[in-house]
Amino acid sequence: MSSTPALVIDRIGYPCDEDTTAAGDTAITAAALRQFTLHRLLAYGVEAGDALRLLELAARGQSWRRSALALADQHLARVANPDLPRTTRSQTHLYARASALQRISQVMELDNSPHRREIYAAAAAHFAQARADDRRYEHLVIDTVGGPVAAWVITPGSEGPHPVVLVHGGVDGWSMDWEGLALPLVEEDMTVVLLDGPGQGETRFTHRHYLTPHWLDAYEQVCDFLAERAAGMPVAAVGNSMAAGLVLLIAARYPVFTAVCSNGPVTSMAAQLARRTYARKLASFCGDAPTAEQVRAVFDSMELTEDRIGATCPFLLLQGDQDPMVPVEDGLRLLDRVPAADKHMALFEGGEHVLNRYPGDKHHLIRTWLRDRIDRAIGTPQ
């Protein structure tokens with residue numbers, strides 16, 4: 001007598017958050033909905049279905065933080081369930097999706113709490129699990145005068161040496177979040193270094209290396225590493241938002257760069273301190289309890305004044321004409337001040353800050369412009 005297989009229902013859906021009464025959490029969720037559109041979540045590595053579910057849960061009034069973590073837990077539970085079928089690649093994708101959700105769960109946090117450190121450490125560990133079998137990926141820590149700096153290095157599969165590109169995020173998007181921008185460059189046979197600078201990501205939460213007015217000193221060892229890894233090939237940089245300005249300052253101090261691309265550079269980070277909530281987020285880059293004077297000194301040191309942006313290598317400026325943080329006039333003024341003979345501005349109609357709504361066009365422009373300038377530098381026929 002044959003037995004009938006048991007009916008198995010594998011529920012995949014929307015986690016229910018019963019605790020929606022905390023006023024502070026409600027305010028955070030409302031702010032997250034204002035700041036994080038679908039295209040911004042996708043740019044930070046959140047899978048499309050996860051992004052849609054998170055936005056829908058938040059729109060229902062559920063906690064942004066707890067919803068993102070609950071969605072991540074669904075993926076981790078599938079990995080851990082021995083009764084569910086899996087492949088190596090499917091498990092990799094689940095770890096990557098969980099990591100992105102864990103990272104986005106804490107993006108609205110303003111302080112360096114133990115819980116935030118714990119969540120970010122879990123996100124980093126799951127990203128490492130997701131990329132463990134991909135030989136192109138290497139996680140490393142660069143020792144600098146300011147303290148350890150964490151990075152992910154993605155190397156093409158072809159024989160080297162390869163040109164090296166530093167990809168640097170800003171206030172919210174950190175190293176792992178920019179993997180989507182890095183991979184088109186790797187396809188162009190470039191090694192990409194995704195950096196957590198002082199005050200960012202693992203550099204902050206794991207190594208407690210914060211921003212100080214002397215933050216630029218730490219990049220001497222970073223630039224030494226870039227040049228060493230390039231082994232005589234060109235070195236370039238792509239900076240986004242706050243780091244779109246930082247890479248100009250870095251290139252002016254350390255002339256190792258063949259080309260620099262700035263995506264939405266904020267000319268005055270110190271001016272952002274006038275926004276009370278945002279100022280608190282910026283302060284967390286500077287330590288657990290910095291004074292207002294310490295924070296002001298840090299961000300004053302990032303001002304893109306004419307005497308500080310002396311890099312003469314080819315320069316590409318990406319600008320959205322609807323960027324609320326960087327008016328077009330600021331971009332034009334910066335472009336005029338940069339002393340490079342070879343400089344170009346790409347203006348995106350309807351483009352917001354760092355152009356997340358234009359991923360294909362943004363990546364196409366960056367990869368082709370960098371490929372062209374790198375080929376010119378090494379004398380490759382056009």
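Phe-315 stands opposite Lys-343 in strand S8, and that pair is a handy place to start looking around this predicted model. Residues are numbered from 1 along each chain as its sequence is written, and side-chain values use heavy atoms, with hydrogens and water left out. Because the model is predicted, local features need pLDDT of at least 70 and side-chain atom pairs count only at pLDDT 80 or more, while totals for chains, interfaces and linings use all residues. Helices (H or I, at least four residues) and strands (E, at least two) are DSSP runs numbered from the N terminus.

**The sheet**

- Strand S7 (residues 315-320) and S8 run parallel and are joined by six bridges; two strands count as paired if DSSP finds at least two bridges between them.
- These strands belong to an open sheet of eight strands, with mixed pairing and the order S1-S2-S4-S3-S5-S6-S7-S8.
- At the edges are strand S1 (137-144) and strand S8 (343-348), each of which pairs on one side only.
- From one strand to the next, the twist averages 20°.
- Helix H13 (residues 328-337) lies across S7 and S8, and runs at about 170° to S8. Angles run from 0 to 180 degrees between N-to-C directions, and axes are lines fitted to C-alpha atoms, for helices over the stretch in contact.

**A helix pair**

- Two packed helices are described by the angle between their axes and the distance between the axes.
- Helix H3 (residues 48-59) packs with helix H4 (residues 64-80) at an angle of about 145°, and their axes are 9 Å apart.
- The crossing of H3 and H4 is right-handed, a term used if the near helix is turned clockwise from the far one by less than a right angle, with left-handed for anticlockwise.
- On the H3 side, the contact (heavy atoms within 4.5 Å) is made by Asp-50, Arg-53, Leu-54, Leu-55, Leu-57 and Ala-58. H4 contributes Trp-64, Ser-67, Ala-68, Leu-71, Gln-74 and His-75.
- By class, the contact of H3 with H4 has seven nonpolar, three polar and two charged residues. Ala, Val, Leu, Ile, Met, Phe, Trp, Tyr, Cys and Pro count as nonpolar, Asp, Glu, Lys and Arg as charged, and the others, Gly among them, as polar.

**Pockets**

- A pocket, on a 1 Å grid over the protein atoms alone, is an open set of points with protein on both sides within 12 Å along at least five of seven lines; a cavity is a set where a 1.4 Å probe fits but cannot get out, and lining residues have an atom within 4 Å of a point.
- Grid points are joined across faces, edges and corners, and a volume is the space filled by probe spheres set on the points.
- The largest pocket has a volume of about 840 Å³. Of its 33 lining residues, Gln-35, Arg-40, Asp-172, Arg-275 and Tyr-278 lie nearest its centre.
- Helix H1 (23-35), helix H2 (38-43) and helix H11 (276-283) are the elements that give two or more residues to this lining, with the largest share, five residues, coming from H1.
- The lining of the largest pocket has twelve nonpolar, eleven polar and ten charged residues.
- The second largest pocket has a volume of about 710 Å³ and is lined by 34 residues, of which Ala-96, Arg-131, Tyr-137, Glu-179 and Leu-183 lie nearest its centre.

**Cavities**

- The count comes to four cavities of 30 Å³ or more.
- About 60 Å³ of space lies in the largest cavity. Its lining includes Tyr-44, Arg-103, Asp-172 and Trp-174, and the largest share, three residues, comes from helix H5 (residues 88-105).
- The second largest cavity has a volume of about 40 Å³, and among the residues lining it are Arg-65, Glu-109, His-115 and Arg-116. Helix H6 supplies the largest share of this lining, three residues.

**Backbone features**

- Most residues other than glycine have a negative phi, and most peptide bonds are trans.
- The peptide bond from Gly-160 to Pro-161 is cis, with omega near 5°. Pro-161 lies in the loop between strand S2 (147-154) and strand S3 (164-168).
- Arg-208 is not a glycine, yet has a positive phi of about 55°. Arg-208 sits in the loop between helix H8 (201-205) and helix H9 (219-230).
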